[in-house]
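My plan is to look up a few features and note what turns up.

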Amino acid sequence: MNTTTKYAATALAAALGVTVLAGCGDDGSTGSGASKGTGSKTVTLVSHDSFNVSDKVLKAFTKETGYKVEILKSGDAGAALNQEILTKGSPRGDVFFGVDNTLLSRALDNGLFTAYEAKGLDTVAADTQTDGKKRVTPVDTGDICVNYDKKYFTDKNLAPPKTFDDLLKPAYKNLLVTENAAGSSPGLGFLLGTIAAQGEDGYEAYWKKLKANGVKVVDGWEQAYNEEFSGSAGGKKANADRPLVVSYASSPPVEVLYADPQPKEAPTGVATGTCFRQTEYAGLLTGAKNEAGGKALLDFMISKTFQEDMPLNMFVNPVVEDATLPELFTKFGEKIDTPPTVAPEKITANREQWIQSWQSLVLK
């Protein structure tokens, strides 16, 4: 996949100098971390495609623990999780990163993770620690929100939308692109945001109206943001024609960081009334060959070294309460204080039914 499709790097992922060992090939064979046995000095992290970490941080982990990290990227979050479910008990790696609160129960119900209380968990925000059995470790949070192309709305002399209800207005017909809620975590997060805002009795009617107003659905975030959204660097190269996209409140700093020269103002904005809070977790995979290395990696992922590296690599918020955010992130990102949310137990009880209903309404 071209580097322009990587979330954390947008147009210039290679500039970050990410160091990873070779992942598995297209034949589906396991990575080396999953095959070297208990004494292996390689630990394999399975993740979605948007995982990114700086070279210096990986080197710090190796220096501290003696383990090298192999990163095995496996598509969007939903696709990556589904692959682990299919291989449960004989995992392709040692740690899985990227399951979020929208999909967590699916992972837990399938017994993907072995309980482990990571060192330093007491420094992690209490409201992110939703699994009392410690099968997963919170790593980051992010707010899924509609982003808009500022230039488009300025040129059209049109105010950008602010709320879910605004997206139904005729002025925004055929402007929004979102991800498939059945396979993409941002897409599912946006669906849950509409349920939180419209209610369980109102979200179906809302989506009927949104479909009538020309919403476009694509498979995943990278296609939506880098190929369909006119405000992103990738979208400009692709001559994209959708000025509204479901992305993150932290997406605008991406467009600033990788622009040359860097603009004084982000070219994209956030519709702050369209957000849903996402928490991402990592867990020790049941059957991991390098369990000791996996535990060491989980400890490291909630260290300040790793947590303070995330904002400008994955454009997410740390969960460690005393981690410092970089100025670019705070200046150009949007802070969402009270985004709509859905209780985890309600997501667990209703997610599959909500997704099926959404599919029948929007995709057929």
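**Entry 1: a buried pair.** I start with Glu 84, which is buried at a relative accessible area of 1%. I keep in mind that this is a predicted model. Glu 84 forms a salt bridge with Arg 92, and their closest N and O atoms are 2.7 Å apart. Is Arg 92 buried or exposed? Arg 92 has 7% relative accessibility, so I count it as buried, the cut-off being under 20%.

**Entry 2: salt bridges elsewhere.** I search the whole structure and find 14 salt bridges. I look up Asp 143 next. It pairs with Arg 277, with the closest N and O atoms 2.3 Å apart. This pair links distant parts of the chain: Asp 143 sits in strand 5 and Arg 277 in strand 9, 134 residues apart. Asp 143 counts as buried at 6% relative accessibility. Arg 277 counts as partly exposed at 26%.

I then turn to Lys 216, which forms a salt bridge with Glu 228. Here the closest N and O atoms are 3.0 Å apart. Lys 216 belongs to strand 7 (residues 216-218) and Glu 228 to helix 7 (residues 221-228), twelve residues apart. Lys 216 is partly exposed, with a relative accessible area of 31%. Glu 228 is buried, at 12%. I also note a network: salt bridges that share partners join Arg 106, Arg 351 and Glu 352.

**Entry 3: the largest pocket.** How much space lies in the largest pocket? I read off about 770 Å³. I find 31 residues lining the pocket, and the closest to its centre are Thr 141, Asp 143, Arg 277, Asn 317 and Ile 336. Asp 143 and Arg 277 are the salt-bridge pair from my last entry. Several elements give two or more residues to the lining, among them strand 5 (137-149), helix 13 (327-332) and helix 14 (344-362). Strand 9 gives the most, with three residues. By class, I list 14 nonpolar, ten polar and seven charged residues in the lining.

**Entry 4: helix 5.** I check the length of helix 5 (residues 185-198). At 1.5 Å a residue, its 14 residues should span 20 Å. The end C-alpha atoms are 20 Å apart, which agrees. Eleven of the 14 residues are buried, so the helix is largely enclosed by the rest of the structure. The buried residues include Pro 186, Phe 190, Leu 191 and Ile 195. Just after the helix, I see that Gly 199 takes a positive phi of about 90 degrees.

Methods. Residues numbered from 1 in each chain as written. Predicted model: local features only at pLDDT ≥ 70, side-chain atom pairs only at ≥ 80, totals over all residues. Heavy atoms only, no water. Helix = DSSP H or I, 4+ residues; strand = E, 2+ residues; numbered from the N terminus. Expected span 1.5 Å × (residues − 1). Buried < 20%, exposed > 50% of the residue type's maximum accessible area, 1.4 Å probe, protein only. 1 Å grid on protein atoms, 1.4 Å probe; cavity = no way out; pocket = protein on both sides within 12 Å on 5 of 7 lines; lining within 4 Å. Points joined across faces, edges and corners; volume = space filled by probe spheres on them. Nonpolar A, V, L, I, M, F, W, Y, C, P; charged D, E, K, R; others polar. Salt bridge = Lys/Arg side-chain N within 4 Å of Asp/Glu carboxyl O.
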